[in-house]
Amino acid sequence: MSVGLSATDLVLLSGAHTIGFSHCRQFTDRLYNFEGVPGQRDPSLDASLASSLEAKCPPHTTIDDIVGMDATSPFTFDTNYYKGLVSNRGLLFSDQTLATHPITAHAINQLATSSPDLFFQNFVNSMINLGNVISDSPGNVRRVCNAFN
């Protein structure tokens, strides 16, 4: 279902992942069970990043640690997220896929190599576009991001 956002909007809005963290459980299948194959690692994942993630998120652990969405600067709103995607260092598989998909790869590469100002201004525009999405059902702002109110 289209809501009036473009593929470029998707790429720009995913740039919000340049700040913040993810729980290990959100990506450990890429390390230990890729495509449902036990012991299989996602071959698109940078090997050095995979090794550091494995150290932080061992298999079968009951501890759900957190890892920076952008390993280089998780507290800074910058373009390192896109640079990471170009280098196969996307934490989430859905993010990494943006770097190789024929519809979004060009925008990812452009944002990784352009001035950060290009990202900053266009991110604002895409956030405005997102805010203008009209839905048939009223939404709500989650108080806890991983749980419904």
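1. A word on the ground rules. The model is predicted, so local features need pLDDT of at least 70 and side-chain atom pairs count only at pLDDT 80 or more, while totals for chains, interfaces and linings use all residues. Residues are numbered from 1 along each chain as its sequence is written, and side-chain values use heavy atoms, with hydrogens and water left out.

2. Let's start with the disulfide. With the cut-off set at cysteine sulfur atoms within 2.5 Å, the count comes to 1 disulfide. Its partners are Cys24 and Cys57, whose sulfur atoms are 1.9 Å apart. The two cysteines are 33 residues apart and link distant parts of the chain: Cys24 belongs to the loop between strand 1 (21–23) and helix 2 (28–32), Cys57 to the loop between helix 3 (47–56) and strand 2 (66–68). Helices (H or I, at least four residues) and strands (E, at least two) are DSSP runs numbered from the N terminus.

3. Two more details on that pair. The torsion about the S-S bond of Cys24 and Cys57 is about -55°, so the disulfide is left-handed. Both Cys24 and Cys57 are buried, where buried means under 20% relative accessible area, exposed over 50%, and partly exposed in between (1.4 Å probe, protein chains only).

4. Next, the salt bridges. Taking a side-chain nitrogen of Lys or Arg within 4 Å of a carboxyl oxygen of Asp or Glu as the rule, the count is 4 salt bridges. One of them joins Arg25 to Asp64, with the closest N and O atoms 2.1 Å apart. This pair also links distant parts of the chain, 39 residues apart: Arg25 sits in the loop between strand 1 and helix 2, and Asp64 in the loop between helix 3 and strand 2. Arg25 is partly exposed at 48% relative accessibility, and Asp64 is partly exposed at 26%.

5. Another salt bridge pairs Arg30 with Asp42, and here the closest N and O atoms are 2.8 Å apart. Arg30 is in helix 2 and Asp42 in the loop between helix 2 and helix 3, so the bridge ties together parts 12 residues apart in sequence. Is this pair buried or exposed? Arg30 is buried, with a relative accessible area of 4%, and Asp42 is buried at 2%.

6. Glu54 and Arg41 form a salt bridge too, their closest N and O atoms being 2.8 Å apart. Since Glu54 lies in helix 3 and Arg41 in the loop between helix 2 and helix 3, the pair ties together parts that are 13 residues apart in sequence. Glu54 is partly exposed, with a relative accessible area of 24%, and Arg41 is partly exposed at 28%.

7. Helix 7 deserves a look from two sides. Ser126 is placed in this helix and is buried, with a relative accessible area of 1%. Which residues does Ser126 contact, leaving aside neighbours within four places in sequence? They are Asp9, Leu12 and Leu13, with contact meaning heavy atoms within 4.5 Å.

8. Phe120 is found in helix 7 as well, which covers residues 116–131, and counts as partly exposed at 30% relative accessibility. Together with Ile19 and Phe77, Phe120 makes a nonpolar surface patch of about 220 Å². Patch residues have over 30% relative accessible area and no salt bridge, with like charges joined within 9 Å and nonpolar side chains (Val, Leu, Ile, Met, Phe, Trp, Tyr) within 5 Å; accessible areas come from the Shrake-Rupley method with a 1.4 Å probe, and for residues only the protein chains shown count as cover.
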